[in-house]
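Student: I would like to learn how to read side-chain contacts in a model such as this one. Could we go through them feature by feature?

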Amino acid sequence: MDRQRKNELEQLYEKYAKSLYYFLLKMSGSVHIAEDLVQETFVRATISLSFYKEEDVRAWLFKVARNTYLDEWRKQKRRRTIPFAHLFWKDEMLSPYGLPEEDFLTQEVTEDVQALLKFLPENYRTILYLREYEQFTYLELQEALELSEGQVKILLHRARKRLEEIVKKNGGFQHD
């Protein structure tokens, strides 16, 4: 690998590894699997890095990460051990100056959301995570998920609607 390509890959790793790790952690529910999948994502990226322009790289890396996760999930499924994803929502750092009551309520609501999200299909979890947590644009979602703009909008709408139905079915959140 030439020096310039190695530097590019190192810069990409420094810039995106952490967000890819959190995405894969929330999808897989395992620290060890997420760490392995981040490494595998960058191995795959190394192979085809020269094909992507800088503005496309973020969405492309998440697409590679998702495909890497799905490959791992399929392997697990074949072994009859299907990982049940512990779903996203960012674990925020708590301010030492925050109110403990607010922190407690926020944590409870987050746990409630995570518990309900596990009932969503993988494609719904993925699009919600990328849109809400990673703030992907519709264009980035199109590229990462290999969908048209219309398909992205429909999938996002259906994912939100399904989550809303699950919330209603489970009596909503108990917290104000």
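Student: Which residues of α6 are buried?

Tutor: Before the answer, a word on the source: this is a predicted model, in which local features need pLDDT of at least 70 and side-chain atom pairs count only at pLDDT 80 or more, while totals for chains, interfaces and linings use all residues. Residues are numbered from 1 along each chain as its sequence is written, and side-chain values use heavy atoms, with hydrogens and water left out. Helices (H or I, at least four residues) and strands (E, at least two) are DSSP runs numbered from the N terminus, and a residue is called buried under 20% relative accessible area, exposed over 50% and partly exposed in between, with a 1.4 Å probe and protein chains only. In α6 the buried residues are Glu140, Leu141, Gln142, Ala144 and Leu145. Just after α6, Glu146 takes a positive phi of about 55°.

Student: Which residue does Arg58 meet in a salt bridge?

Tutor: Side chains of opposite charge can pair when their charged atoms come close. The term salt bridge is used for a side-chain nitrogen of Lys or Arg within 4 Å of a carboxyl oxygen of Asp or Glu. Arg58 meets Glu140 in this way, at 3.0 Å from N to O. Because Arg58 lies in helix α3 and Glu140 in helix α6 (residues 138–145), the pair ties together parts that are 82 residues apart in sequence. Both Arg58 and Glu140 are buried.

Student: How many salt bridges are there by this rule?

Tutor: The count comes to nine salt bridges. One of them joins Asp71 and Arg44, whose closest N and O atoms are 2.9 Å apart. Asp71 belongs to helix α3 (residues 57–78) and Arg44 to helix α2 (residues 31–48), so this pair links parts 27 residues apart in sequence. Asp71 is partly exposed, with a relative accessible area of 29%, and Arg44 is also partly exposed, at 26%.

Student: Where do Glu132 and Arg160 lie?

Tutor: The side chains of Glu132 and Arg160 form a salt bridge at 2.4 Å, N to O. Glu132 is in helix α5 (residues 122–133) and Arg160 in helix α7 (residues 149–169), so they tie together parts that are 28 residues apart in sequence. Glu132 is partly exposed at 36% relative accessibility, as is Arg160 at 37%. Elsewhere, salt bridges that share partners join Glu40, Arg44 and Asp71 into one network.

Student: How many aromatic pairs are there?

Tutor: A pair of aromatic rings is described by the distance of the centres and the angle of the planes. Rings of Phe, Tyr and Trp (its six-membered ring) pair if their centres lie within 6.5 Å, and planes under 30 degrees apart count as stacked, over 60 as edge-to-face and the rest as tilted. By this rule there are six aromatic pairs. Among them, Tyr13 and Phe42 are edge-to-face, with 4.9 Å centre to centre and 65° between the planes. Tyr13 lies in helix α1 (residues 3–28) and Phe42 in helix α2, so the pair connects parts 29 residues apart in sequence. Tyr13 is partly exposed at 34% relative accessibility, whereas Phe42 is buried at 5%. Ring pairs also link Phe23, Phe62, Tyr129, Tyr133 and Phe136 into a cluster.

Student: Which charged end sits over the ring of Tyr138 at 4.5 Å from its centre?

Tutor: A charge sits over a ring if NZ of Lys or CZ of Arg is within 6 Å of the ring centre and within 35 degrees of the ring normal. That charged end belongs to Arg131. Lys153 also lies over the face of Tyr138, at 5.9 Å from the ring centre.
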